[in-house]
Amino acid sequence: MESQEPQQDRKEPFDMRIVQYFVRIMRTVFIGFFWMMVNVFLGLYLGFAIPEESTPGRMIFFYSWLVVSLAGYLFLVVKMWRKNGHVQDNY
């Protein structure tokens, strides 16, 4: 009879680039939702974006903030997605 050694389950090494890609996606979504929540709070809850409830100065402030913060968010996302740092693989 042949002696058979028990076969061990060999796990394939996990590719850390996939983890880094997933982390980028989650950061992009989380920062985007946070940016939207801040602007909805300022615009709708506090009334800065509603013409009937706001003064022209407050509306100018809000929409200026909206454009500047959107540009900052897009800059942050582009910078985050262009960065190709070294990834330590587990194999």
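Select T28 in this predicted model: T28 is buried, at a relative accessible area of 17% (buried is under 20%, exposed over 50%, partly exposed in between, with a 1.4 Å probe and protein chains only). Residues are numbered from 1 along each chain as its sequence is written. Local features need pLDDT of at least 70, side-chain atom pairs count only at pLDDT 80 or more, and totals for chains, interfaces and linings use all residues, while side-chain values use heavy atoms, without hydrogens and water.

Now show what surrounds T28. Leaving out residues up to four places away in sequence, T28 touches Y73, V77, M80 and W81 (contact means heavy atoms within 4.5 Å). The side chains of T28 and W81 are also joined by a polar contact of 2.9 Å (a pair of N or O atoms within 3.5 Å; within protein, one able to donate a hydrogen and the other to accept it, and residues adjacent in sequence counting only if both atoms are side-chain atoms).

Next, select helix α1, residues 16-45, where T28 is found (helices are DSSP runs of H or I, at least four residues, numbered from the N terminus). Its buried residues are R24, T28, G32, N39, L42 and G43, and their cover includes α2 (56-82). Just after α1, G47 has a positive phi of about 85 degrees.

Last, select M36, also in α1. Is M36 buried or partly exposed? M36 counts as partly exposed, because its relative accessibility is 40%.

Definitions and conventions:
Helix = DSSP H or I, 4+ residues; strand = E, 2+ residues; numbered from the N terminus.
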